[in-house]
Amino acid sequence: MAYAQAPTASGIAVPAAADLGFKPKVDLEEELHFKFWNPLHYYRALNQHRMRLNLPNPGQFELLNKEIKTTLLTNFMFDGGRADLAKILSPNFQVMHTFQLGLPGQPSAFEFAGVYADENTLMHGKMDTEFNLQARLNHALSKQLQVKSQAQLMTSDAQSMFQVEGEYTGSDYTLNTKAINPSLTDGTGIYLASYLQSISHKLSLGAELLYQSPMPAIQETSLSLAMRYQPSEDRAWVAQTQGANALTTSYWRKVSDKCEAGAELQVVNLPSQGRREASCSVGVKYEFAASNIRAMADNYGKVSMLLEEKIAPGFSFLVSGELDHLKGENKFGIGLNLES
């Protein structure tokens with residue numbers, strides 16, 4: 001191979017640096033100037049820093065206070081008579097029958113439901129005696145991307161709804177978008193986008209943007225912020241705003257292997273409606289070998305309790321009660337759960 005040679009003072013030809021495979025030195029000042037104005041440089045640096053931290057995924061935005069939801073009685077209370085019968089037909093498919101005994105002024109109800117689930121797909125549907133239909137479909141397109149849809153067809157058109165949702169789960173963040181009753185013709189509907197990011201192994205921060213248009217000429221937007229701090233596996237603090245007029249904070253603590261306790265504070269401030277109020281609820285959950293007990297009390301003088309006694313494998317007996325001291329109202333419920 002022939003090299004381009006440069007003569008020297010002594011007359012001896014020396015190969016050029018480029019011919020020997022050496023690249024000319026880049027000006028350091030020019031390289032730093034290029035990186036300063038290049039947004040990809042900051043994006044790569046941020047990703048490299050996140051990879052070094054090895055942060056966990058923070059979970060879903062709507063499940064930030066999941067421990068409080070399973071400890072307090074808000075989602076478990078019922079009154080009257082109730083029976084839930086479930087039949088497992090295969091490892092992926094089961095059906096359920098729910099009987100609700102009506103109270104004075106409330107009719108009795110019956111619901112039939114079916115659930116199919118495998119590694120990537122979940123389908124759930126139920127219908128009652130009033131022919132109200134509710135259906136849900138979740139499908140995982142990949143390990144990170146999941147699509148969800150819900151539909152509700154009620155006898156009253158005002159209560160019918162359709163929702164489509166997409167969720168992407170990253171290594172240390174979760175991105176979610178929703179559309180509720182979207183209309184492609186006039187743009188009405190409710191649209192939400194949320195982002196939850198792990199800042200450290202104990203702290204997660206997130207935000208949710210809400211845009212709703214009940215009518216073509218009316219548009220509203222609001223921004224909600226959220227924070228979750230979990231210093232250890234047995235305790236968690238959560239704070240979340242709902243727009244600029246509502247704040248919810250909660251604290252959950254796992255006292256022992258069989259006992260969990262939590263407190264939740266909700267503050268609502270609506271000066272335009274002359275409404276300013278706050279509510280505080282505290283609850284405890286005990287899990288024994290053959291029974292579960294949940295109890296809750298709030299600042300409005302309402303005390304409630306739920307007992308679930310496991311009589312045999314797949315068979316449980318439930319008793320619920322609620323005393324409202326300010327209103328002078330009482331509620332009482334008895335239920336059965338049977339799974340075969």
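Helices (H or I, at least four residues) and strands (E, at least two) are DSSP runs, numbered from the N terminus. This is a predicted model, in which local features need pLDDT of at least 70 and side-chain atom pairs count only at pLDDT 80 or more, whereas totals for chains, interfaces and linings use all residues. Residues are numbered from 1 along each chain as its sequence is written, and side-chain values use heavy atoms, with hydrogens and water left out.

Asn54 follows α2 and has a positive phi, near 55°.

The loop between α2 (39–53) and α3 (66–71) contains Asn65, while Arg82 belongs to strand β3 (residues 80–90). The table gives their accessibility, where buried means under 20% relative accessible area, exposed over 50%, and partly exposed in between (1.4 Å probe, protein chains only).

| Residue | Relative accessible area | Class |
|---|---|---|
| Asn65 | 11% | buried |
| Arg82 | 34% | partly exposed |

Contact means heavy atoms within 4.5 Å. Apart from neighbours within four places in sequence, Asn65 is in contact with Val238, Ser250 and Glu264. With the same exclusion, Arg82 is in contact with Thr98, Phe99, Gln100, Ile334, Gly335 and Leu336. Between the C-alpha atoms of Arg82 and Gln100 the separation is 4.6 Å, although these residues are 18 residues apart along the chain.
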